[in-house]
Amino acid sequence: MNKADTAFIIISAGLVLLMTPGLALFYGGMVRGKNVLGTIMQSLFMISLITIEWVYLGYSMSFGPTIGGFIGDLSWFGLNGVTSAPSPDYATTIPQTVFMIYQCMFAIITPALITGAFAERVRFVPFMIFSVLWAVFVYNPVCHWIWSSGGWLGALGVMDFAGGLVVHATCGMAALAGVLVIGPRKGFGRTNFMPHNLPMTVMGTALLWFGWFGFNGGSALAADEVAATAFVATHLAGMAGMAMWVALEWKIQGNPTTLGAASGAIAGLATITPTAGFVGPNVAILVGLLGGTFCYSFVNMKMKFSLDDSLDVVGIHGVGGLVGTICLGLFASTAVNPGGVDGLFHGNPGQLVAQIIGAVVVSTYAFGVSWLIFKAINATIGLRLSEESEVAGMDSTEHSETAYN
């Protein structure tokens, strides 16, 4: 047991938890004033809902003894047998309880990220049902495939330092499925859905950026040089994504915007996530620039496809996670992280192949299962607000309150 490592991961777990209320503010500022509390609630309540799921099902399904490399058994149901002793399979210098709660924070924020895609039009109860089913049938299996000691994608060589596939690709593909099943907001393409409070979104960006140091840095699972590498790469990619997004919208649209700066930062942070512990500073900047470029481009194409991805979950998290996953296959270097891998540009083309396989498998699975869950709920109890409730707003119709008097 290493006390420094333990303290570092406990702090990192707190930073990752902070990201979920930070996300609530990030999303809340971008919707209309009549939907701000409903939007915040969809993220905030994940802390309770998914923690319960994680204690009784999620942790054991994700990291428990494997069943054929596809899912963990339920021998750790209710955290049975999860003690303060180190885990020989995952974190040999920290208590397994600390590893468990750190991973719990990832499980919480991932379904919360999806909510931005269908903001302002989904009822609260169906949303909760979807979130639990999605955690059980999408997040837990994909987490096991890649991050568990016996996962089949991990055995193929697929790497994901902090969640480019497990978090960002899964939520991005689920967001795409949700947008297609639920449909656009009333007035989409005719009504100007202006953000009601951009300072709130900037505050959310700050909290997300701050929390991301625990998200990526803590994924080293030790207070060591890999954590330092990931910490530096995280900041450099975030600032590069912001710079690229602002530069592109300034050139193409004529003005740099606050929303663009916030979006670009999140795009850079999402893109560096899978490769943060495997690349040096200059490559991290390049990854951030690529993230800003690809994510901005996709977000600006969504109107051409009539895709009402309300808060750009597909364009930022889905695209960013996949771009970062491919970047790992290109740029990863054992000179930076001796315990990692080399990518194509360091003499290992097989790693790029593995990353492409991982991206295709995870994207296909996450989209397909998410689409089925959305369709099943929609066909039984319905997902959407009524037309009258959508006009009135989620705050009053779903929660009987208002953010502003």
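Trainee: What classes of residue make up the lining of the largest cavity?
Mentor: Keep in mind that this is a predicted model. The lining has nine nonpolar residues, two polar ones and no charged ones.

Trainee: Which residues are they, then?
Mentor: The largest cavity is lined by M19, L23, F26, I109, L113, H168, L208, W212, F215, I266 and H317.

Trainee: And which helices each supply at least two of the lining residues?
Mentor: Those are α1 (3–28), α4 (96–114) and α8 (198–217).

Trainee: How much space is in there?
Mentor: The largest cavity holds about 60 Å³. The structure has one cavity of 30 Å³ or more.

Trainee: New topic! How do α11 and α12 pack?
Mentor: Helix α11, residues 281–299, meets helix α12, residues 313–331, at an angle of about 145°. Their axes are 9 Å apart, and the crossing is right-handed.

Trainee: Which residues make that contact?
Mentor: From α11 they include L286, L290, F294 and F298, and from α12 they include I316, V319, G320 and V323. By class, this contact has 14 nonpolar residues, two polar and no charged.

Trainee: Last one: how far does α13 reach?
Mentor: Helix α13 covers residues 349–380, which is 32 residues, and spans 47 Å from its first C-alpha to its last. That is close to the 46 Å expected at 1.5 Å a residue.

Note on methods: Residues numbered from 1 in each chain as written. Predicted model: local features only at pLDDT ≥ 70, side-chain atom pairs only at ≥ 80, totals over all residues. Heavy atoms only, no water. Axes fitted to C-alpha atoms, helices over the stretch in contact; angles between N-to-C directions. Helix = DSSP H or I, 4+ residues; strand = E, 2+ residues; numbered from the N terminus. Left-handed = near helix turned anticlockwise from the far one by under 90°. Contact = heavy atoms within 4.5 Å. Nonpolar A, V, L, I, M, F, W, Y, C, P; charged D, E, K, R; others polar. 1 Å grid on protein atoms, 1.4 Å probe; cavity = no way out; pocket = protein on both sides within 12 Å on 5 of 7 lines; lining within 4 Å. Points joined across faces, edges and corners; volume = space filled by probe spheres on them. Expected span 1.5 Å × (residues − 1).
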